[in-house]
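Welcome! Please take a look at the sequence and the structure below, and then we will walk through some of the features together.

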Amino acid sequence: MEQLIQLYKQWKGVAPQDVEKIPGAGSNRQYYRLRNADGQSFIGVVGTSRDENHAFISLARHFRKRKLPVPEVLAVSDDELRYLQEDLGSISLFEAIKGGREAGGRYNQKEKQLLIKAIRALPDIQIRGARGLDWNDCYPQPVFDTDSVLFDLNYFKYCFLKPIGIDFHELKLEANFRLFAKDLTAEDIDSFLYRDFQARNIMLDKEGNPYFIDFQGGRKGPYYYDLASFLWQASAKYPNKLRMQLLSEYYNALKQFIEVPSVRHFADRLSLFVLFRTLQVLGAYGFRGYFERKKHFLESIPPAMQNLRELIAYNERNQCFPYPYLMEMLKRITQLPQFAPAKKPVVTRDDGYKTTEQNIYPAHPQDGPATFSKYDGKGPLVVRVYSFSYRKGIPEDESGNGGGYVFDCRSTHNPGRYEPYKKLTGLDEPVIRFLEDDGEILTFLDHIYSLADAHVARYIQRGFTSLMFSFGCTGGQHRSVYSAQHLAEHIHEKFGIEVRIIHREQGITQTLERKTES
């Protein structure tokens, strides 16, 4: 520390008034806060690796030239083992969103806005920061390549797989590892891979604007890596809805700098890096937990294992990971007793009705005791689907619940404007062919199917008895009739429940009977 104080004196001309050691993170570097007589403070860093320090100093100076939000390097010792930098304060993003993390992923609006600011700033340093960067300054290597991927995968193998005692075929696993590494490095992307992009390495100013630190491990590589690291960080417990929102924010921000790939290609590539990052994290948790006996890392394994389960389920739906032996082995891991997810209790009322097959809303102290609807558990559900004309008003809800949905079909192409269809309805083949050839109504209904499926499933689960959907158009003859009929048939086919169809303006009613269980 004396040499650090000497560096400060050379820079300022006087010794600091006060020196305070700051708790370090995962590296061997030591951090100090040095204050002068005027109350100004600066951060002093003492490192053990000249190359690591050189990487940070060089990258920081380059990023400052690019007007990126990183700390300014103020003074450097001749051997580069010590340096002084701008003090960005004590509030990290990790601390700022502590409440949501400790509440199991229930982030409030303020915390969500901080996360959005951080994720929108990431493409700036990845793309603009890469311009004119001398990659040879990067440590310990300049480029993300197959060797670095295989190193991390073997880290997972020896620090996680071996300690948990699972049997695996070494050669088959190695073959899948090599194929995986080849796929991860298949695209040559000229961007800065931060590598350790996480909430702990983002400092916040008084307005909540993010500043980046600890990027000395960065190198040239694909931008997907940092996105996967941030959004799928197991301990953050981001709910899927928030994760998808942040993913969308990043994708739109990236468009400001480069021509982005299609959403499908982007999702497929990102999923590879999410899988890689999950294995990488499990390797680190295994080493810190099983070998160094650090409790915190052992406690971090279950949420990482949940991420792995979700990836396996995603692969079963989309077949995006062509590594059969690796995926089979990972599935076996998630089924080991020590990693089995805790069973959620069934919530049962005093009258014996089960409100759900599982408690999908985990209890939280701030919630207080649960209350239940008088309609819970009555079942079975009956769905009514109406078509109508807006000229004659929206259909009334006969059940008295006052719920359900009303959809306006008037944004879609209207066959009623053309003479051949004026006397026909949305049940007639020429009108059906017109609407489906045009295609607008199909896109319209795709969105409604997703909404309806989720709502119907939840109502069945809770034992509700009535749900209503209504489709309106100008005359209640073509578009609304087509939409109501197709949604009704879709619900009946998918759930097998009773669906009543009422084409009000056409005087047509139809009941699709509940399917009996065989």
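## A residue and its contacts

Leaving aside its neighbours within four places in sequence, which residues is Gln85 in contact with? This is a predicted model, and in it Gln85 touches Phe42, Ile43, Val45, Phe56, Pro71, Glu72, Val73 and Leu74, once the neighbours within four places in sequence are set aside.

Gln85 belongs to strand 5, which covers residues 82-86. With a relative accessible area of 8%, Gln85 is buried, because buried means under 20%.

## A helix enclosed by the rest

Now find helix 8, made of residues 224-231. Eight of its eight residues are buried, so helix 8 is largely enclosed by the rest of the structure. The buried residues are Tyr224, Tyr225, Asp226, Leu227, Ala228, Ser229, Phe230 and Leu231.

What covers them? The cover for the buried residues of helix 8 includes helix 3 (93-96), helix 5 (109-128), helix 9 (240-254) and helix 10 (263-291). Strand 6 (192-193) and strand 7 (202-204) are also among the elements that cover them.

## Salt bridges

How many salt bridges does the structure hold? There are 34. One of them pairs Arg195 with Asp152, with 3.5 Å between the closest N and O atoms. This pair links distant parts of the chain, 43 residues apart: Arg195 sits in the loop between strand 6 and strand 7, while Asp152 is in helix 6 (residues 146-164). Arg195 is partly exposed at 23% relative accessible area, whereas Asp152 is buried at 6%.

Another salt bridge joins the side chains of Arg243 and Glu310, at 3.7 Å from N to O.

Arg500 is partly exposed, with 37% relative accessible area, and Glu498 is buried at 17%. Elsewhere, a network of salt bridges links Lys157, Lys162, Glu170, Glu174 and Arg178.

## A negative patch on the surface

Which residues gather in a patch of negative charge on the surface? They are Glu436, Asp437, Asp438 and Glu440. Helix 14, spanning residues 429-438, gives the most to this patch, contributing three residues.

Asp438 is placed in helix 14. Is Asp438 buried or partly exposed? Its relative accessibility is 34%, so Asp438 counts as partly exposed.

## Backbone details in the loops

A few spots in the backbone are worth a look. The peptide bond that runs from Tyr139 to Pro140 is cis, and its omega is near 0°. Pro140 lies in the loop between helix 5 and helix 6.

Glu80 has a positive phi, near 60°, in a residue other than glycine. Glu80 is in the loop between strand 4 (73-76) and strand 5, and it is buried, with a relative accessible area of 12%. Asp214 also has a positive phi without being glycine, with a value near 55°. The loop between strand 8 (210-212) and strand 9 (219-220) holds Asp214, which is buried at 15% relative accessible area.

How values were computed:
Residues numbered from 1 in each chain as written. Predicted model: local features only at pLDDT ≥ 70, side-chain atom pairs only at ≥ 80, totals over all residues. Heavy atoms only, no water. Patch = residues over 30% accessible without salt bridge, like charges linked within 9 Å, V, L, I, M, F, W, Y side chains within 5 Å. Areas by Shrake-Rupley, 256 points an atom, 1.4 Å probe, with all protein chains shown as cover. Salt bridge = Lys/Arg side-chain N within 4 Å of Asp/Glu carboxyl O. Lys, Arg positive; Asp, Glu negative; His and termini not counted. Charge placed at Lys NZ, Arg CZ, Asp CG, Glu CD. Helix = DSSP H or I, 4+ residues; strand = E, 2+ residues; numbered from the N terminus. Buried < 20%, exposed > 50% of the residue type's maximum accessible area, 1.4 Å probe, protein only. Contact = heavy atoms within 4.5 Å.
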